[in-house]
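Keep the structure open beside you as you read.

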Amino acid sequence: MNSTAQMILQAENITKRFGGMTAVNNVSFGLEKNEIAALIGANGAGKTTFFNIITGNYIPEEGTIYYKGQDITRLSPENRVDLGIMRTFQLASTFDNLKVIDNLRLAYYRATHKASLRNLFFSRMDRIVSAKIDECLETFNLTKLADRMTANISLGEKRVLEIAMTMVTDPEVLLLDEPFAGLSEVEIDECLNVLRQQVHKKTILIVEHKISKIQDLVEKVGVMVEGVMIASGETNEVLNCERVRREYWKTAE
Amino acid sequence: MKRFINSWTGIFIVFILLYFLKGFLPPAFLTEVVIFSIYAMGCSFLIGRLGLTSFGQPAFLAFGAYGAGVYLYYFGTNSYVAILVGVLASLVINMLVGTFLVRLNSSYFTLCNQAFCVVTFFIFQKALVKWTFGDNGLLLISRMDPTPVIDLTSPRGIYLFSFIIAILVWLFFNYLMKKSVFGATCLCVKDNEEKLRFLGYKTFNIKWLAFVIANTVAGLAGALYTVYFCMVNANIANVSSASEAVAISMLGGAGTLFGPLVGSFIFIGLKDIVSRFISHWEVLVGFLLIVVMLAGEKGIVGSLESYLAKRKAKKSMMQPALTKEGGL
């Protein structure tokens, strides 16, 4: 395809079935460099499945995923990290038994070292020191919490920490799976502020089931209904399109 | 720096304590406690740091024990070399076995370890009976020469030697659990394995290495057992004693540095004292385990550690604790 060349991440004709059910049906979606996009749809529309295919959880039955022109469809999640693709999880995923700063250290360590057993064994946790980690703590307002156990911080703080963990690795593509689920309004605003700082610096894809929170943030939207992408393109165009109004608003509201 | 001093003072205090206890308690008891604490260390690491509970530890104990035993019976007379052979034998076997067992999760891991233990018992008792003499075992007392520097054939010598080994094992695990990146990733496997994968770490390799380290330490304890008892028989791999290592780990505090030692001390102490009065001394261990678990699931050392940490936090930073504890 012609457009593949300019796209940093391109999914083409992806189909994924679970047993008899087709969760994702012939979906194509692409991200340009430093673009911020959203994937929306009701619960069960297949957007998380599609997202998991991009991140490497699942291998699709049909279709290909290209990253900078390279086929990464069958690449393991561990190896996708090397290419600069990072994701977050729907349930805030941090390491509760570690200190906040150690969470960031582990993420940073992997981005700067090969994770061979020899490296892991002979490196010391307290020797992982970097201006990048301090800078991240500062940007994401985590400096006060640095020495706290992650189990003892709030859900909102965990979400911010999770985004910080991806940012400390300096990824090229950032994939966020429902980053606002379960947060209070204040915490959502904090998270949004964090994201706004990254607009046009990184390529970001956000999965959400409600567009309202991120409508002014994203440039591009894909709408999924029952495993099919019914529309994709510029935010305002897509949201005003007749079919999206009829099908998406009906199921989502 | 402060932490560094703490773990060293801990080891120092234990050293002094055990040295003085030697005057009051029979050395046979202390030797057994020290060797058992080495054995439980590996199990405790697996449970507390990786969240993998193994009910097959006797098998890994047996590989080290038979490694040393077979060497002494058929090949040489030097106990040092025997211990080395035992450790190497268990290392090789663990590297192979780990490749399969580590693929399993939680309860499947527990049960397959137990199954593996049953198979191992059968191999040593029946399949290789020509060489291992099954339940009668290999009697080594006439085949062990006195060794230079520390005489491993004397009770005092083996006590001192296993004690030095135990200190080295503690120092090793202290580094592994509290300092190294590897130790931190182990905790992450317990917490959230999937997240660790998506940070780019190969979790299978991490679990494999942890499995090999923990069980080779068990093998080391097995080799020490052989030299200490001057014999080894198939009963060492008996699956009925599989819960001992797990019970000791949990009693002392899984994943703590001194938990296995405290656990072994209590366990073997109870065994020695109570078995004089009641034939089923395990009943008391069972009760004690339930009480300790209900008191916070952290074991004796774990509960003590968190109590001390709490007191320290109360003393040093009153305000942050009041304003920001708990959260959601």
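Start with helix 1 of chain A, residues 47-55, which is mostly covered: 9 of its 9 residues are buried. Keep in mind that this is a predicted model. If you want to pick the helix out by residue, its buried members run from Lys47(A), Thr48(A) and Thr49(A) through Phe50(A), Phe51(A) and Asn52(A) to Ile53(A), Ile54(A) and Thr55(A).

Now step back to strand 3 of chain A, residues 36-41. Why call this strand largely enclosed by the rest of the structure? Because 6 of the 6 residues of strand 3 of chain A are buried. As a rule, side chains in a regular strand alternate between the two faces of the sheet. Here, Ile36(A), Ala38(A) and Ile40(A) point one way from strand 3 of chain A, while Ala37(A), Leu39(A) and Gly41(A) point the other way, and all are buried.

Which strands does it pair with? Strand 3 of chain A runs parallel to strand 8 of chain A (residues 203-208), and 5 bridges join them. Within that pairing, Leu39(A) sits opposite Val207(A) of strand 8. Strand 3 of chain A also pairs with strand 9 of chain A (residues 220-225), again in the parallel sense and over 5 bridges. There, Gly41(A) has Met224(A) as its bridge partner.

There's an antiparallel arrangement to look at as well. In chain A, 4 strands make an open sheet in the order 2-1-4-5, with antiparallel pairing. Its edge strands are strand 2 (21-32) and strand 5 (70-71) of chain A, each of which pairs on one side only. Strand 1 of chain A (residues 7-18) and strand 2 of chain A pair in the antiparallel sense over 8 bridges. To find one spot in strand 2 of chain A, look for Val24(A), the bridge partner of Lys16(A).

Zoom out, and chain A divides into domain 1 (1-84 + 173-182 + 199-253) and domain 2 (88-170). Their C-alpha centres lie 27 Å apart. Where they touch, 8 residues of domain 1 of chain A are in contact with 8 residues of domain 2 of chain A. On the domain 1 side, strand 7 of chain A (residues 173-177) gives the most, with 3 residues. That side of domain 1 is made up of 5 nonpolar, 1 polar and 2 charged residues.

Next, bring in chain B. How many residues of chain B are in contact with chain A? The count is 23 residues of chain B, meeting 27 residues of chain A. Helix 8 (181-198) and helix 9 (203-229) of chain B are the elements that give two or more residues to the chain B side. The largest share of that side, 12 residues, comes from helix 8 of chain B. By class, the chain B side has 10 nonpolar, 6 polar and 7 charged residues.

Finally, a word on confidence. Chain A has a mean pLDDT of 84, with 96% of its residues at 70 or more. Among the elements of chain A, helix 3 (residues 100-112) has the highest mean pLDDT (90) and helix 9 (residues 242-252) the lowest (68). Over residues 1-5 of chain A the pLDDT is below 50, and this stretch has 6 contacts in the model beyond near neighbours in sequence.

Conventions
Residues are numbered from 1 along each chain as its sequence is written. Chains are lettered from A and ligands numbered from 1 in the order in which they are written. This is a predicted model: local features need pLDDT of at least 70, side-chain atom pairs count only at pLDDT 80 or more; totals for chains, interfaces and linings use all residues. A residue is buried if 20 or more other C-beta atoms lie within 10 Å of its own, exposed if 12 or fewer, and partly exposed in between; C-beta atoms are placed from the backbone. Two residues are in contact if their C-beta atoms, placed from the backbone, lie within 7 Å. Ala, Val, Leu, Ile, Met, Phe, Trp, Tyr, Cys and Pro count as nonpolar, Asp, Glu, Lys and Arg as charged, and the others, Gly among them, as polar. Domain bounds come from an automatic or database domain assignment. pLDDT is the predictor's confidence in each residue, from 0 to 100. Two strands pair if DSSP finds at least two bridges between them.
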